[in-house]
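Open the model in your viewer and keep the selection panel at hand. The stops below go from one selection to the next.

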Amino acid sequence: MDIYMMIRRQKTTIFTDAKENTSVMELKRILEGILKVSPENQKLFKDETEMEDTKTLQDCGLTSSTAQAHKPATLVLCFRQEDGEFEAPEVVPYSTPPELPDVMRPQQETAPAEQIAS
Amino acid sequence: MSEGAEKMDEDPQYGGCEGPDATYVKLRSSDNHEFIVKREHALTSGTIRNMLSGPGQFKENETNEVTFKEIPSHVLQMVCMYFTYKVRYTNSSTEIPDFQIDPKVALELLMAANFLYC
């Protein structure tokens, strides 16, 4: 089954998919094709747990129910720095949407307005 | 063209973002987040399709990068998820789940969808 993921590092997000039985090493090769960084210099994390090269994505908890097309799973990527150590996992958060205007707030006193919207 | 041929020899499986036959394209949001998605998915948007495969006047055609100065990252993220969702479930006989949209993002997402023609 296909699983869908977002791989994030600082300000970059990569949307890709793979089979559940794809190995982590294979995924790193895909990233190598995109980012031109060799797999030895990449580290992938799922929820703060490092993903080992020999495991499959399914072993790391990515299944077709947790990683769907419209709700992809998020993995964090780190590169090896020049000094040989890996950088700390860091992801720049996305922008925040503006506050809802009062008329769009869910069911409070303005019930009639809500019905027109739907 | 030669770049493409070299890639085939060293790295038989995975494409990157270079050249006219790249597998992936880069979409940049107003706050400089980069989203890398499969070219096939990005072509869901009529606007992006025109930018990338137009008569070569657009710079985007060569670098495979499109910058959206009015679309913030939280909206572009949802757009990318929508691309995957659309490609996955078009002409699919399996049950199609709903695409959830947070009301806070809905208005901006609507404006982006209008611009992107998708």
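**Stop 1: cysteines**

Select A:Cys60 first. A:Cys60 counts as buried, because its relative accessibility is 19% and the cut-off for buried is under 20%. Keep in mind that this is a predicted model. Now look for a sulfur partner. A:Cys60 is in no disulfide, and the nearest cysteine sulfur, that of A:Cys78, is 15 Å away. Move to B:Cys118. B:Cys118 is partly exposed, at 35% relative accessible area. Over all chains, the disulfide count is zero.

**Stop 2: chain A**

Show chain A as a cartoon. It has two helices and five strands. Trace them from the N terminus: the order is β-β-α-β-β-β-α. Of the 118 residues in chain A, 41% are buried. Take the contacts in chain A with a separation of 6 or more: 56% of them are between residues 24 or more positions apart. The accessible surface of chain A is about 6,600 Å², and carbon and sulfur atoms account for 49% of it.

**Stop 3: the sheet**

Show both chains. Which strands make up the open sheet of eight? Follow the order β4(A)-β3(A)-β5(A)-β1(A)-β2(A)-β2(B)-β1(B)-β3(B); the pairing is mixed. The edge strands are β4 (49–50) of chain A and β3 (65–67) of chain B, each pairing on one side only. Zoom in on the chain B end. Strand β1 (residues 24–28) of chain B runs parallel to β3(B), joined by three bridges. Select B:Leu27; its bridge partner in β3(B) is B:Val66.

Next, select helix α1 (residues 24–35) of chain A. This helix packs on the sheet, touching β1 (2–9), β2 (12–19), β3 (42–46) and β5 (73–79) of chain A, as well as β1 and β2 (34–38) of chain B. The direction of the helix makes about 120° with that of β3(A).

**Stop 4: aromatic rings**

There are seven aromatic pairs over all chains. Select A:Phe15 and B:Phe35. Their pair is tilted, with 6.3 Å centre to centre and 35° between the planes. A:Phe15 lies in strand β2 of chain A and B:Phe35 in strand β2 of chain B, so this pair joins two chains. Both A:Phe15 and B:Phe35 are buried.

Go on to B:Phe68 and B:Phe115. This pair is edge-to-face: 6.2 Å centre to centre, 90° between the planes. B:Phe68 sits in the loop between β3 and α5 (73–89) of chain B, and B:Phe115 in helix α6 (residues 103–116), 47 residues apart.

Finish with B:Tyr82, B:Tyr85, B:Tyr89 and B:Phe99, which ring pairs link into a cluster.

Technical notes: Residues numbered from 1 in each chain as written. Chains lettered and ligands numbered in written order. Predicted model: local features only at pLDDT ≥ 70, side-chain atom pairs only at ≥ 80, totals over all residues. Heavy atoms only, no water. Disulfide = S-S within 2.5 Å. Buried < 20%, exposed > 50% of the residue type's maximum accessible area, 1.4 Å probe, protein only. Pairing = 2+ DSSP bridges. Helix = DSSP H or I, 4+ residues; strand = E, 2+ residues; numbered from the N terminus. Contact = heavy atoms within 4.5 Å. Axes fitted to C-alpha atoms, helices over the stretch in contact; angles between N-to-C directions. Areas by Shrake-Rupley, 256 points an atom, 1.4 Å probe, with all protein chains shown as cover. Phe/Tyr/Trp six-rings, centres within 6.5 Å; stacked < 30°, edge-to-face > 60°.
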